[in-house]
Amino acid sequence: MEDITTQSLLTPFKLGHFNLSHRVVLAPLTRQRSYSYNSVPQPHAILYYSQRTTKGGLLIAEANSVSDTAQGYTDTPGIWTKEQVEAWKPIVDAVHAKGGIFFCQIGHVGRVSNKGFQPNGQAPISSTDKPLTDITAHSPPRRLQTDEVPQIVNDFRIAARNAIEAGFDGVEIHGAHGYLIEQFLKDQVNDRTDQYGGSLENRCRFALEIVEAVVNEIGADKVGIRLSPYTEFMESGDSNPEALGLYMAFKGTFIAAGGYGREDGNNAVAENRADLIAYGRVFLANPDLARRFEVGAPLNKYDRNTFYTSDPVIGYTDYPFLEANGTMAVLKFPKEEKRDIFFSN
């Protein structure tokens, strides 16, 4: 067995006032298991998250919609109603019972939606009225009026407060993947002429107003933001991603994500390129990921075909753990490519 002290990923880290025992983080993963008409998380999430919890380990919950206009996918959870808050409580309690630290990702998809997901069949809202190319899946959006923007900022503030009421230790604002915040951030999408468009400073104003509102509501030590300046998800690219990333960066904790393994994760931490490494697909398939890294065990292969199903077990809570003697069953599925990065405070 490799000595735990030789792996940078398995060294302690202080995240705000939280003491992490290692630097292997569960990335937020939308898995569409909240199959209800009211975007309510389901009880099987208790097992899913508790399986991936270690004492002193950080988990970030799947994206939660901040309002009824924020949805763009079936069977995804929200955190804008009392019913949703109450449903999250036992899930959060299960993570805390095993000593984990649990943050809730909160977000709004903006134009990555269609009328079928919107209240009263209205058009999705965005920074722009430019539609996505795939109009069969995404309805043309409605450009938010300047005086409507503060209401969306307030939706994020309330969602953060609700997350804390549900028991979460903090929140991560979803500012990536071509969703609403990124629709304001990036000049490929943002064609506004008011104080939220044009210059880099103006395009970042919406995101920073959300951060400020959430920080004022729950405290700076409980708030992070996910960014992906270099990606072009959902036709959301930027002409100068480096300037955007630097303008939005800060001197707090930096979490990197996107196809990392054990070796390059250790190297990223050892070389001070990141404080923590978030793992998504491999953490889904290896609920005891930190333990496998510790002992150098091979990893289960994930099955992409079962990522987005409503089944409460298959591809969700049925991946095998290491046995006490270090043996395991190996599932064989295709290898996947790197993805994105994000920052978190």
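Contact here means heavy atoms within 4.5 Å. Helices (H or I, at least four residues) and strands (E, at least two) are DSSP runs numbered from the N terminus.

## Basis of the model

This is a predicted model, in which local features need pLDDT of at least 70 and side-chain atom pairs count only at pLDDT 80 or more, while totals for chains, interfaces and linings use all residues. Residues are numbered from 1 along each chain as its sequence is written, and side-chain values use heavy atoms, with hydrogens and water left out.

## Packing of α1 and α2

In α1, Ala45, Ile46, Tyr49 and Ser50 meet Trp88, Pro90, Ile91, Ala94 and Val95 of α2. These contact residues comprise eight nonpolar, one polar and no charged; Ala, Val, Leu, Ile, Met, Phe, Trp, Tyr, Cys and Pro count as nonpolar, Asp, Glu, Lys and Arg as charged, and the others, Gly among them, as polar.

The axes of α1 (residues 44–51) and α2 (residues 82–97) come within 8 Å and cross at roughly 25°. α1 is therefore roughly parallel to α2 (angles under 35 degrees). Axes are lines fitted to C-alpha atoms, for helices over the stretch in contact, and angles run from 0 to 180 degrees between N-to-C directions.

## Packing of α3 and α5

Helix α3 (residues 149–166) packs against helix α5 (residues 200–218) at an angle of about 35°, with the axes 9 Å apart. From α3, residues including Phe156, Arg157 and Arg161 take part in the contact, and α5 contributes Glu209 and Glu217, among others. The contact residues divide into 11 nonpolar, no polar and four charged.

Note on methods: Angles under 35 degrees count as roughly parallel, over 145 as roughly antiparallel, 65 to 115 as roughly perpendicular and the rest as oblique.
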